[in-house]
Every structure is written in structure tokens, then in C-alpha cells.
Amino acid sequence: MAIIVPFSLPIHRLEQDSVGVSLLAIAVCQPTHLRLMHRYREQAHSYKGSQHRLIIRSLPTIETGMTAIHIKFPALTLKAGPRAMARIRAQGLHAADVGTLPGAAGGPKALGIQGLDLALFGEWLPSAPRERSLIGASVGSWRFASACLPDAAEGIRRLGQLYAEQNFNKGVTMAEISQSSQRMLNDLLDGRDASILENRDYRLNIMVVKSQGRLAEDHRGRLGLALGSVIADNLRGRARLSRHFERLIIHDPRLAPPLDALTDFPSRFVALNAGNLRQALLASGSIPMVMEGVRDLPGAGAGTFRDGGLLDYHLDLPYSGDGIVLYPHFTDRVIPGWFDKTLPWRRASVQRLQDVVLVAPSKEYLARLPYGKLPDRNDFKRFMGDAPSRQKYWHAAMDESRRLGDEFLELTASGRLADRLLTL
């Protein structure tokens, strides 16, 4: 018997896993497999009206009574730093091990890993409550603020919905994009700011930069010249960016940021509170030449504050503590700064990533997505004048990303995650 449902993405074949399992493994894994089956059936109902069909065949039951799922290609790439690798190979990865989660800048790419965020914040991490640091730049800070809302899963889904609804006409100004982003943030938080600041388990850290010199202006001509100087200095050496930016970490005052001493750039910590939460989140996503900078951030003094990803694009930071740093990411590479995106020789520090476990979509997974990629900011131009097509594509990517979360849950429950780890 087969369940036939409308579907617009590549077919995922589900086959019986013929490998025998012990009674203990059955007890551990069966709830996860049942949950995965429920998700596939639930997901099937969300694709009515598409032209293609996905066939989910009823899964065979092996003599133990457990249904087994085997997906031909891996949805996830998993990489680990040396210390994390040794620890997981010795004792596996458990939710209680995780003390810090970084969230990179990347705009709409966040929608492409929504299903992974849902699995982590909606199921896996709550199974082992503890104090955890969430440290994000740009959309990474928005993802984590969403996860700190009273219902983490609802918050994460709401962020995806609001982001997909954004629409800009040709010739849109920086001021108009900033105003749209402010409205989006207001709709997301909806008066629930206190739930972020008082969350029982999570301590939010928001990465922001203070712009120096002409980078503090929003005049396109002068700002463009200033960015040209930044690009030239970055080519000569990343350390030269200290001439242009100061790093700020606006953090939950209940816990210090999860970092050792920061010596690479001028850096300071600012306490997060009800008076600066929204402006800090807005500043953290304010890309120069796209949005206006945020002026005079409360607690941080006078100045112009912008996207934290300019310095810390993928958060190549000296993480502290004795826990695992679990990094749900868009890619299997850690790029230090936003200006390093086109510099393949500019790599993250292995020493800093000792305790990091990076979880990202696999190349095989990406190849089967529409357009062979995650959503990105260029989609606003690609679909200019056709917002419904862009929104359909983004929603399809969000729906498909549930496979990322399902695979992570299965790997941790079965103990097979260690077998899939590559060196970061």
C-alpha cells in the first residue's frame, strides 16, 4: 500500500534497514522512528495543489516490531573540532552536553535550516534543560531571539513566515528596508520581549559592530568609498579591520558571554535589557548599503551600529567552557568575516573550534532543492516583481528542511552520529 500525496520537490525513497538491532537500541530508537514517520505523513498534507507526487510506501516491519527508515542520501554534513570529536566518539552526543550555540549571519539562508532549528529548540534541547548561551550575528541573533519566545517552535516558524512575506520593489531605499525590518521585528516579538530577557534556559548574546569614520554615514557615495577602504585593508590583513569597526556583544547580564579574552579587535560587552533589545537586534542585521545603521544604541553610547557579521560572519570566536558548542549552520565552512567570503585562503582557527560540532545541509541535500541552493538575499532580485514565486520557493525550502531535523534526531537517538563526523 502507498500513500500518494502532491509534492513539488525530489522524491525521497524510504527503504527498510536490514541491519539487526538489540533490544536496548529498539527501546531508544523506536520513539524517534515513530516520530519521523508521523512527520513524513504530516508533511505530506502540506503539499496539496502541486503538480508532482511523492510516494511514501508503508514501511516494512522487521521481526522486532520496529519500523526502520533508510534515506539513500544523507541530508546532513557533520564536522567536529578535535576535542569535540574525541568526546563524541567516546560517549556520543547528548543534549545535556551542549552549553553554547552560535548562529551565523546569512539572511534568508536561515529559512533553509528552519527544520533543524525546530528539532533542536522544539525537541532535543528541551529534553535536557540547562543554562545555555546563544550567540548570534545578524539573522543568527534573530533566530535565537525567536527560540527564546514562550513557544520556541512557534517563534521559529513565525520568523520564517514574516521573512518570506517581505517584499521590495525596484529602487527601494535603505530607509524603506530598515522600516520594513523594524515592522517585522515588532510583529515577531509582539510585546513578548520579557520572555527573551527572562528565559529559563537561554542567555542571548547579540553581535553588533560600531562603525568608525565614514562608515558611520548612510550617504551612499561616502559609505561606498568607506567600504572600498575596508575591502582593501581586509585584503592586506584581517587585523586591519580594527581601524574601521569595534565589536560589541550585547548579552544577557545573568551570564557572561561564552568566550575567552577577545584580542583580535577592540571589543566590549554591553548588558542586554528591555531598553536596547529591539535596537540591538535591528543593528545586528543592518547591512551597510542595504539598511541604515542604528544610531546611539542604549547602553553602548553614541555612534552608528551595524551588522555584527561584518566582523564575525560565521563566529570564528574563542569559545570557553567545558560543554559542546553545537553549531547549526548553513554551510560546512566557517568563514571569519563578511569581507572574507571571496577569500578561500582566509580560514577559521582550528584552535578556536576545538569544542565545536557543526551541523549543516549536505551537498546532496542542497543539489535536490529548487535552484540547488538555500534561499538567499539575491532571490529578492531574482524574483523581482514576482513575490508569490519567491515565497513558494522559500516555503518549499522551509518544509523540506524538516528532513535536516529528522536526521539529526535519528542520529543522536541511535548513537550513529559519531560515525558520520568529519574533521572541521
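Is Asp 233 buried or exposed? Asp 233 is buried, with a relative accessible area of 3%; buried means under 20%, exposed over 50% and partly exposed in between (1.4 Å probe, protein chains only). The model is predicted, so local features need pLDDT of at least 70 and side-chain atom pairs count only at pLDDT 80 or more, while totals for chains, interfaces and linings use all residues. Residues are numbered from 1 along each chain as its sequence is written, and side-chain values use heavy atoms, with hydrogens and water left out.

**Salt bridges**
- The whole structure holds 28 salt bridges, each a side-chain nitrogen of Lys or Arg within 4 Å of a carboxyl oxygen of Asp or Glu.
- Asp 233 pairs with Arg 236, with 3.9 Å between the closest N and O atoms.
- Both residues lie in helix H9 (residues 220–236), three residues apart, about one turn of the helix; helices are DSSP runs (H or I, at least four residues) and strands likewise (E, at least two), numbered from the N terminus.
- Arg 236 counts as exposed, at 63% relative accessibility.
- Arg 346 and Asp 340 form a salt bridge at 2.8 Å, N to O, and both are buried.
- Shared partners join Asp 233, Arg 236, Arg 240 and Arg 243 into one salt-bridge network.

**Helix H14**
- H14 is largely enclosed by the rest of the structure, because 11 of its 13 residues are buried, including Leu 404, Phe 408 and Leu 411.
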